[in-house]
Amino acid sequence: MIFPEKLKKEYRERLLSLEGYSFDKSLFIDEFVISAMVDITAGTGYEVAVLISRKGQVLDACVGDKNSVAIEIEENRGRYTGSRLIHTHPSGNAKLSGMDISLLKNKKLDCLCALSIKDGLAYSAEVGYVTGKDIDVVVCHDARYLNKYGLLEKISSSEKAYKEYYVKMNALPEQRAILVKVAIKEKGDMEADLDELEGLAKTAGIVTVDRISQFRVKPDSKYYIGSGKIDIIKESIQLNEANLVIFDNELSGSKVSSISAAVGTKVIDRSMLILDIFAGRARTNEGKLQVELAQLKYSLPRLNALSESSGRFGGGVGMRGPGETKLELNRRIVENNIIKKSEELKRLKKHRDLNRKSRQSNSKPVVAIVGYTNSGKSTLLNLLARTNVYVKDELFATLDTTTRNVWLGDNKEALFTDTVGFINNLPHEFIEAFSSTLEESIYADLILHVVDISNPNHLSHIKVTNEVLANLGCDSPVIMVYNKCDNLKDKSIATDGVLISAKNNIGIDTLKDIIKKTLFNE
């Protein structure tokens with residue numbers, strides 16, 4: 001119960017008399033409650049708010065100032081909170097304000113009633129209900145007869161309409177997402193990070209409808225992002241009919257649970273989105289096992305949040321792919337599955353080691369093609385080997401490792417291996433699960449580091465790839481291959497490598513000559 005410090009004793013007592021008070025649940029409000037609200041507002045000029053349960057019990061009562069009143073309303077995971085808020089407007093105008101509408105939507109109240117006070121009496125009222133994307137308003141011209149307008153009966157029909165809308169929004173064939181980025185300590189290039197996140201979302205078949213960012217010194221203890229931004233996300237969900245929120249930051253299970261409960265829709269983070277893309281890309285048995293293992297390791301510390309999200313918002317992103325039916329939300333089962341998948345991958349790793357030794361015994365040098373995702377690695381392999389490895393202008397188009405024989409001319413040939421693309425802030429679950437595949441780079445005789453030189457963030461992409469290679473302990477010689485040079489105006493930007501266009505067959509002969517000289521000491 002909240003009231004101003006200078007509130008007179010008589011008004012404090014009137015307010016305190018409402019605490020825990022109950023009346024007939026068939027009434028919208030009774031005379032005792034409305035009389036106290038009117039008297040306090042008429043005597044002080046302040047707004048008074050009362051929160052009432054469906055059982056007719058006063059849950060809380062507060063006094064604010066001339067323009068607003070603050071009241072504690074618990075977050076609710078359901079559709080409606082099961083409580084209605086009635087507050088006074090000392091101005092004599094009962095029209096619901098923008099703040100009233102925002103509170104009604106965000107807190108999922110049964111309804112919100114604005115009661116105008118005029119000449120010391122309850123004059124008129126407006127009652128708002130959330131029915132989906134829209135707000136229904138009932139105008140009560142005479143506040144003395146609030147119980148005769150059928151206001152309680154409308155709660156049931158409005159809640160039904162809201163539930164239907166809610167289910168529809170979370171079952172849309174098209175997923176519509178709001179992207180969120182929180183920069184901690186250093187702002188960096190938040191727009192570039194959101195651009196990349198939008199690219200990932202597009203690859204997963206998700207439509208981006210809004211982008212929200214915030215700079216913070218440290219994460220919020222409950223939501224990671226500030227509570228004010230949570231309100232903005234809620235409003236954006238309503239305005240844009242969004243059914244998914246994607247954070248560029250990695251979130252703990254408790255954060256995912258808190259945010260999804262607050263905004264009323266499914267919440268995932270960047271790692272979950274990447275793992276979901278991998279789930280849709282894996283084709284080989286090893287690739288599928290790697291994805292399943294990464295999903296299981298990611299899910300283990302987040303079991304409660306994933307269970308709640310799956311129950312309330314269905315499947316979709318984060319729960320798809322080869323791991324979908326195996327991602328049982330039981331800690332013991334998940335832990336056993338992690339052990340099982342790890343053993344299976346170890347056996348496949350031994351088989352891969354044998355294949356590698358066989359290739360080495362054939363005396364053919366091995367060239368690994370590495371680089372940031374969507375830099376053109378598969379397109380380059382297709383051109384060099386004249387094959388048809390899957391190529392598409394999207395992130396992580398290639399997930400499974402592909403090896404092809406390439407003729408370099410002058411009776412020289414080599415085995416070229418296309419690897420999965422790297423990306424900034426790769427989930428550690430990915431690194432662990434795909435370690436055997438990434439080892440192809442370690443054992444290669446030469447590495448072609450492919451860079452999309454036309455990308456304005458290509459320098460940061462080079463840095464990310466170099467860091468991953470260093471972490472893998474790779475010390476093979478590297479040739480920098482600057483791809484998509486036909487989209488580049490200033491070609492003097494790349495002086496330490498080879499400029500090519502794999503799509504348009506530009507600079508490929510020069511690249512082959514450099515590869516021959518490096519591999520065969522020519």
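Helix α4 gives the most to the lining of the largest cavity, with 4 residues, where helices (H or I, at least four residues) and strands (E, at least two) are DSSP runs numbered from the N terminus. This is a predicted model, in which local features need pLDDT of at least 70 and side-chain atom pairs count only at pLDDT 80 or more, while totals for chains, interfaces and linings use all residues. Residues are numbered from 1 along each chain as its sequence is written, and side-chain values use heavy atoms, with hydrogens and water left out.

A cavity here is a set of points, on a 1 Å grid over the protein atoms alone, where a 1.4 Å probe fits but cannot get out, and its lining residues have an atom within 4 Å of a point; grid points are joined across faces, edges and corners, and the volume is the space filled by probe spheres set on the points. The lining of the largest cavity consists of 18 residues, and those nearest its centre are Tyr162, Ile237, Gln238, Val263 and Gly264. Two or more lining residues come from each of α3 (98–107), α4 (151–169), α6 (227–240) and α7 (253–263). By class, the lining of this cavity has 8 nonpolar, 6 polar and 4 charged residues, with Ala, Val, Leu, Ile, Met, Phe, Trp, Tyr, Cys and Pro counted as nonpolar, Asp, Glu, Lys and Arg as charged, and the others, Gly among them, as polar.

Turning to the sheets, an open one of 6 strands has the order β2-β1-β3-β4-β5-β6, with mixed pairing, two strands being paired if DSSP finds at least two bridges between them. Because β2 (58–63) and β6 (135–140) each have a single partner strand and stand at the edges, one side of each is left without a neighbour in the sheet. From one strand to the next the twist averages 15°; for angles, axes are lines fitted to C-alpha atoms, for helices over the stretch in contact, and the values run from 0 to 180 degrees between N-to-C directions. Strands β3 (residues 83–89) and β4 (residues 111–118) run parallel and are joined by 6 bridges, and His89 has Ser116 in β4 as its bridge partner.

Helices are placed against this sheet as well. Helix α2 (residues 31–44) lies across β1 (48–53), β2, β3, β4 and β5 (121–130), and runs at about 165° to β1. Helix α3 packs on the sheet with contacts to β3, β4, β5 and β6, its direction making about 155° with that of β4, where contact means heavy atoms within 4.5 Å. In the loop between β6 and α4 lies Asp142, which touches Tyr123 and Tyr149 when residues up to four places away in sequence are not counted. The C-alpha atoms of Asp142 and Tyr123 are separated by 6.0 Å, although these residues are 19 residues apart along the chain.

Another open sheet of 6 strands has the order β12-β13-β11-β14-β15-β16, again with mixed pairing. Its edge strands, β12 (402–409) and β16 (497–499), each pair on one side only, and neighbouring strands of this sheet are turned by 30° against each other on average, direction ignored. Strands β12 and β13 run antiparallel and are joined by 7 bridges, with Arg404 standing opposite Phe416 in β13. Their hairpin has 2 residues between the strands, and Asp410 takes a positive phi near 55° there. Most residues other than glycine have a negative phi. Elsewhere, β14 (residues 446–452) and β15 (residues 478–483) pair in the parallel sense over 6 bridges, and Asp452 stands opposite Asn483 in β15.

Helix α12 (residues 377–385) lies across β11 (366–371), β12, β13 (412–418) and β14, running at about 50° to β12. Helix α16 (residues 508–520) packs on the sheet and touches β11, β12, β13, β14, β15 and β16, with its direction at about 95° to that of β12. Lys484, in the loop between β15 and β16, has a positive phi of about 60° although it is not a glycine; Asn505, in the loop between β16 and α16, has a positive phi of about 55° and is likewise not a glycine.

As to confidence, the protein averages a pLDDT of 82, and 81% of the residues score at least 70, pLDDT being the predictor's confidence in each residue, from 0 to 100. Over residues 321–329 the pLDDT is below 50, and this stretch has 23 contacts in the model beyond near neighbours in sequence. Where pLDDT is low, the predicted coordinates should not be read in detail.

Conventions:
1 Å grid on protein atoms, 1.4 Å probe; cavity = no way out; pocket = protein on both sides within 12 Å on 5 of 7 lines; lining within 4 Å.
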